[in-house]
Amino acid sequence: MEGIRVYVPHDDLIWVPATILSVRANCKVFHVRLQWLGSNELQNIANGRKDALTQAYDQQIQAHSTKTVDLRQPGMPDALPLQNVFASASTESIISSMQRQNECMDVMADRSAVVVEDMCDLFHLHEPSIVYNLRQRFLADNPYTYTGPIVVAVNPYKSIPSLYTKQLQDVYTSNDRSTLPPHVYAISAQAYNKMRLLKEPQSILVSGESGAGKTETVKILMQHLARMDYATNDPSTVAQRAFNIEMILQSNPLLEAFGNATTVKNNNSSRFGKFIQLLFDSEYQLIGATCRHYLLEKSRVIRQAPNERNFHIFYQLWSQKDSKFHWEDNTEFRYLQGTPNSETSDSEHFKLTEEALKTIGLTTAERDDLFEALVGILRLGQLQFISIKRPFSSQKEVDEESLATPLVDRCDLAGNLHSSADSHQSVELTRCATLLGFTQKMDTFTQHLCNRTLKARQEVYCVPLSPEQANYHRDALAKELYTRLFQYLVNRVNQSLQSLSSKHSFREINLLDIFGFEALQTNGFEQFCINYANEKLEQKFISDVYKAVEEEYRQEELSWDHIDYQDNQDLLDLLENPMGLLPLLNEECVRPKGSDTSYVSKIHNFHTTNSRMERASPKLSATHFILHHYAQSVTYDASDFVEKNRDGMSTHLTELMGESENALIASLFSGKQTENSNALEIDLLARKSVNFMHETVSTKFKTQLNELMRTISTTRVQYIRCIKPNAAKTAGLFDIKDVIHQLRSVGIVQAIRLTRAAFPNKLTHEKFLLRFVLLRKTRSHVKMAEGIADACKELLMQSIDSKQFAVGKTMIYFGKGVLEALEHQRTIFIHRNARILQRKAREWLLRLARKRCEMGIIRFQAIYRRRRARTSYWKRRYAVRLLQKHWRKAKARNCVRRERAARILQTVYRNQKSKKRMQRLCDSVVQAVAFAQTRKAVDIHEQEHVSIEMELARLEELLAQRQKDRCQRDWDLRSSKETTDSSKVSSPHDRNSSFDSIGQSEKELMKYRDLIEALLCENDQLKAENRSIKEAYTTAKASLGVYTQQYSLHSCASVRLLSTHFELQKSQDEKLKRYQKQMADLREDVRNQKSLYATELNTRLNCQKTLSAVLEVAETGGMDTQSLCRIRAVAHGCVPSDTNDLEGVEMDSSAEIPQTRLNRRQSEGGILNWRAKTTGKTEENRVCTKMIPKSYRSTSIGTEWNSNATRRSSITERWKKMFKRQYGAVKGIP
């Protein structure tokens, strides 16, 4: 079994992955190597986050990577669970286990691990494989996983918007579940489709512990179900349907505000169970809903655990700071722990709550009564009770009013005393009574809080209360008031969501958001009831899973009569039987002196032999007992069991609240408030069962739970199990230990055990043959006619007993330990054949290495010979190329010289030609400009001449017209004169007619005078308007003068700015000239330096020539060899080290030539001539160098000669003296 990957028990993480290294003691002792939990892949996915247990485990692996596991120790499993890995990866890891290091194998294990969407597809289905499959999917942001028909939802504690889009909702609605990844949408779509097709009501049960995401999951389901619509969208019903959907969705924030609170595990924890029924019409459109609630945690109203808060609605009201509630006088409340959690957030949630209250139909007056009752509960908690030492008095036969005074003798509110602290209590009492509706009955309210009344026949007994009893009654009143307010809101929600159409039994989908199994450090009455509800649901769950297993075996055509599973009916009998825990608790509540201790003693006496119950450890108190639930054993503390089960409130307080001035409170306690039909039925059933005593909490809860189970039993149930990944409520952290505990609590492990009760493991036919075909004992191939099922059965019959497996139509089921035995045989076979393969492989590798060595030697020899031949070839080729280069250089030099001369001639010719062309162009331009100016002047003259002629013609016409008018006037005067003369000699009749005409003329004259006067008046008006225009013009002229003055000021400023700019520009020009002068001086200095350098270089060349001549004379004179070597060394040191300096000098000197094109060509020619000269000098230097022996040829001598002028001069002087002495000796000169 060496190399097989398994899971081993761990103290902190429950299960950890490991690889078996060796086996001893008949497969009972294993030596394993632990694997890393935080591989590189997972760290990248989870942003490097790991919980504390995982970090500790990784540190443990770094210290000790191996471990010994002994299954013979108590508490250890019978066999180690196998890991789910790919077949090819497992084979490779086994073969490479002998050669690779531990780290490589760990990485291989991580990569070969199987991650599936449906955990029933795992080869090895057990607790560790499930939790590690969930872990890898959680770290990859896949919170949903299938376990058969069950959806396991791991709370990611972050928003993943891509998982909850409307497009994705439509995809899950219209497609099959098997073709899509796991999602809660698949559950809601499956329930909806089955309701339509099978005509059966559906239920979706969402369970999990606080903080696992149950409430959010129910919201997601409701949104998806509200969006589904298979009917035609009739415009007349669209608005009503949208309103119904909005009301259903608005009920969630309202119930959360009044039923949710902040706990250590969850910031929005549901403190009650709710059962929502979504109702659909004949067209399967959502038209209404109803809601039931179970076991509201009303003790939270008066008391909260550390780091927890009361219900959200109290903090939302506090955040509003309404002046009528006097919030400013209180910085803290006894019933509230902490302050509003970020007031802005609570304020925004209050707006949503108020909108929801409006949506369900609460009027403004009803909302005010509701808020006053809630604040009154907080004010009720501020009241304090003290004891007053007065003689006790009692009266037996008096009415209620006469008992008010003695009720205050023993216990009184602090507000009734007279001290500084009591004044504050008096204010609190007044505010509390006002909010609860007792403004006019302050004394009655005060006395009812301090005493209780007992009625016997015709007598009434007044019993004063101690401060402790008064505090208890105050808290009981607060809890009962809040409970009735919550029930009132649920009823109003149901009334607003109630469907008006006829209800069909199958057109409903039920959503159950129930509290999960709880096992805390201290488990009280609330945990007892919660776990009782989970036991009932677990029984339903086991029954449904058993049916699923039965259906699977029937499809595979297997016998299922022998399947046995663990049922929890015995625990339910222990709780519900006539002498069970719940009836005994009710009996203890009826007894006058019933106590928690006597209750625990009774249950131990009656159920001593029951395996589901045992006594607690002697270290604990006598009120502790242990129950073995389906998930785990829980130790309960029965303290306050009896008191919490009674949950009674004094009758006189109920009657008092019924008389409240607050209409809402009065209706809640007077029985006028109507309840829904389901609540009435439950109450009737409860009263029948306990007709001799008051109804207890356990009786109510049991009746409600039985009604719930009856409702669920008539439906087809879908399950969603919510898992909380860590207690820190942080994204990216996966607490393996906590998740395993939750998997056991929600029944996933129990479902797995039931699913695999007879055959724990299963494989498909193809996967089985692919993995275990190596174990066949015959070499014959499988016949096609036999089929794959027969081949699998034949292969199994060769290895194991036929009773330990079952072959179905598509799957093979293995008994307990069978698959592990097959894996062991396969590992042995692989190891045995692996050794043979290794031997053959080593032999083949050695042969291959020898052949490679021989081929390498041959290749090396060939490379050496090739390199030697190539070197010889390149030397010869280089010599030939060098000779060709010199020949081409000489030939090219001659061509360049000829081309240079031709270019000079071409340049001169082009220059002359361009000058002539430019001269002609300039003459043409001058002529064109002159012609254009002349033409323009002529045109202007002609235009003036035409205008003068036109003006002259106009004047002549005007003169002729005036002469014509003058002649016409003369003619008219002459005619009028003749008419006058003729009138003088006319008859009297004519005179009379003339007089009439004169009268008419006078009338016309009067009209003309009137017209003239009107024209004069109009003229005067025009003059007045002209004067006003002149005045306006004068004003405008004055304004223009002001503007002109301002413009002159701006002009002066501009002139000043221009002068300043001119001065700055002038200073910049002066600086520029100064810099130019400095640049000219620098150029002059550089030119002088270059001339000095050229002079020195010429001197060195002359010295070189002289040394060459001297060397020739010395050789012809027969001088000894040593002297000749010295002369040659001196001559070699005088050669110029760098001819580029000379070239630079020549180029600088050529730069002084005027830069015309001709001069540039000449300068280029001069440079080329100088280069030719330099080439000749270089040849001379090369000849001188050849004259020096190779042993004396050193570049350091020349370098030293060029760098040290003093030494050079001294050597020259010595050489002259030596030359004179030797030359004189040869020639006979003294």
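This is a predicted model: local features need pLDDT of at least 70, side-chain atom pairs count only at pLDDT 80 or more; totals for chains, interfaces and linings use all residues.
1. The accessible surface of the protein amounts to about 70,800 Å², and carbon and sulfur atoms account for 54% of it. Residues are numbered from 1 along each chain as its sequence is written, and side-chain values use heavy atoms, with hydrogens and water left out.

2. The protein has 1230 residues, of which 41% count as buried. Buried means under 20% relative accessible area, exposed means over 50%, and partly exposed lies in between (1.4 Å probe, protein chains only). The protein contains 36 helices and 23 strands; these are DSSP runs, numbered from the N terminus, with helices (H or I) of at least four residues and strands (E) of at least two. Among contacts with a separation of 6 or more, 71% are between residues 24 or more positions apart. A contact means heavy atoms within 4.5 Å.

3. Helix α10 (residues 312–320) is largely enclosed by the rest of the structure, because eight of its nine residues are buried. The buried residues are His312, Ile313, Phe314, Tyr315, Gln316, Leu317, Trp318 and Ser319. Just after α10, Lys321 takes a positive phi of about 55°. In the loop between β11 (286–294) and α10 stands Asn307. Asn307 is not a glycine, yet its phi is positive, near 65°. With a relative accessible area of 68%, Asn307 is exposed.

4. Another positive phi occurs at Lys199, where the value is about 55° although the residue is not a glycine. Lys199 belongs to the loop between α7 (184–198) and β7 (202–207). Its relative accessible area is 44%, so Lys199 is partly exposed.

5. The whole structure holds 28 salt bridges. A salt bridge is a side-chain nitrogen of Lys or Arg within 4 Å of a carboxyl oxygen of Asp or Glu. One of them joins the side chains of Asp70 and Arg72, with 3.0 Å from N to O. Asp70 is buried, with a relative accessible area of 18%, whereas Arg72 is exposed at 55%.

6. A further salt bridge pairs Arg379 with Glu428, whose closest N and O atoms are 3.3 Å apart. Arg379 lies in helix α12 (residues 364–381) and Glu428 in helix α14 (residues 420–435), so the pair ties together parts that are 49 residues apart in sequence. Both Arg379 and Glu428 are buried.

7. Glu588 and Arg591 also form a salt bridge, with 2.6 Å between the closest N and O atoms. Glu588 is buried at 0% relative accessibility, while Arg591 is partly exposed at 33%.

8. Which residues gather in a patch of positive charge on the surface? They are Lys885, Lys889, Arg893 and Arg897. Patches are made of residues with over 30% relative accessible area and no salt bridge; like charges are joined within 9 Å, and nonpolar side chains (Val, Leu, Ile, Met, Phe, Trp, Tyr) within 5 Å. Lys and Arg count as positive and Asp and Glu as negative, while His and the chain ends are not counted. The place of a charge is taken as NZ of Lys, CZ of Arg, CG of Asp or CD of Glu. Lys885 is situated in helix α30 (residues 818–984) and is partly exposed, at 46% relative accessibility. An α-helix has 3.6 residues a turn, so residues three or four places apart point the same way.

9. His607 sits in the loop between α20 (596–606) and β17 (613–615), and its relative accessible area of 14% makes it buried. Leaving aside residues up to four places away in sequence, His607 touches Leu574, Met579, Gly580, Leu581, Leu584 and Met613. Gln382 is located in the loop between α12 and β12 (385–387) and is buried, with a relative accessible area of 12%. Gln382 and Tyr335 are 47 residues apart along the chain, and their C-alpha atoms are separated by 8.0 Å.

Technical notes:
Accessible areas come from the Shrake-Rupley method with a 1.4 Å probe; for residues, only the protein chains shown count as cover.
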